[in-house]
Amino acid sequence: MAEKVDARGLSCPQPVINARKKMKEMGSGTFEVLVDTTTSRDNVTRMATKEGWKVDVKEEGEDILLVLKK
């Protein structure tokens with residue numbers, strides 16, 4: 001099971017900060033980031049892509065699941 005970062009209810013830039021922290025901690029691998037706004041989705045996706053991570057986006061009702069892989 002992939003590790004998860006739950007960033008729902010957090011305003012930017014906190015979801016980006018939390019995702020970046022997990023990226024540095026892991027170095028490579030797969031983990032999930034759960035957000036609840038399109039702004040958070042876009043900002044986390046942009047940051048992760050710049051850092052060389054692949055991002056898959058899945059809409060899950062009110063939540064947005066970002067699967068980051070490197």
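## Overall form

What radius of gyration would a compact globule with 70 residues have, and what does the protein chain have? A compact globule of that length would have a value near 11 Å, and the protein chain agrees, with 11 Å. The model is predicted.

Along its principal axes, the C-alpha trace spans about 30 × 25 × 15 Å. The protein chain exposes about 4200 Å², of which carbon and sulfur atoms supply 48%. Of its 70 residues, 34% count as buried.

## Order of elements

The protein chain has 2 helices and 4 strands. Read from the N terminus, the elements follow the order β-α-β-α-β-β. Among contacts between residues at least 6 apart in sequence, 61% join residues at least 24 apart.

## The nonpolar core

The largest nonpolar core holds 16 residues, and the ones that touch the most other members are Met-23, Phe-31, Val-33, Leu-66 and Leu-68. Two or more residues of this core come from each of helix H1 (14-26), strand E2 (30-35), helix H2 (38-50) and strand E4 (63-69).

Beyond its neighbours within four places in sequence, Met-23 is in contact with Phe-31, Met-47, Ala-48, Glu-51, Trp-53 and Leu-68.

## The aromatic pair

The structure holds 1 aromatic pair. The ring centres of Phe-31 and Trp-53 are 5.5 Å apart and the planes lie at 75 degrees, so the pair is edge-to-face. Phe-31 is in strand E2 and Trp-53 is in the loop between H2 and strand E3 (54-60), so that the pair links distant parts of the chain, 22 residues apart.

Phe-31 counts as buried because its relative accessibility is 0%. Trp-53, at 6% relative accessibility, also counts as buried.

How values were computed: Residues are numbered from 1 along each chain as its sequence is written. This is a predicted model: local features need pLDDT of at least 70, side-chain atom pairs count only at pLDDT 80 or more; totals for chains, interfaces and linings use all residues. Side-chain values use heavy atoms; hydrogens and water are left out. A nonpolar core is a set of buried Ala, Val, Leu, Ile, Met, Phe, Trp, Tyr and Cys residues joined through side-chain atoms within 4.5 Å. Buried means under 20% relative accessible area, exposed over 50%, partly exposed in between (1.4 Å probe, protein chains only). Contact means heavy atoms within 4.5 Å. Rings of Phe, Tyr and Trp (its six-membered ring) pair if their centres lie within 6.5 Å; planes under 30 degrees apart count as stacked, over 60 as edge-to-face and the rest as tilted. The radius of gyration is taken over C-alpha atoms; the globule rule is 2.2 Å times the number of residues to the power 0.38. Accessible areas come from the Shrake-Rupley method with a 1.4 Å probe; for residues, only the protein chains shown count as cover.
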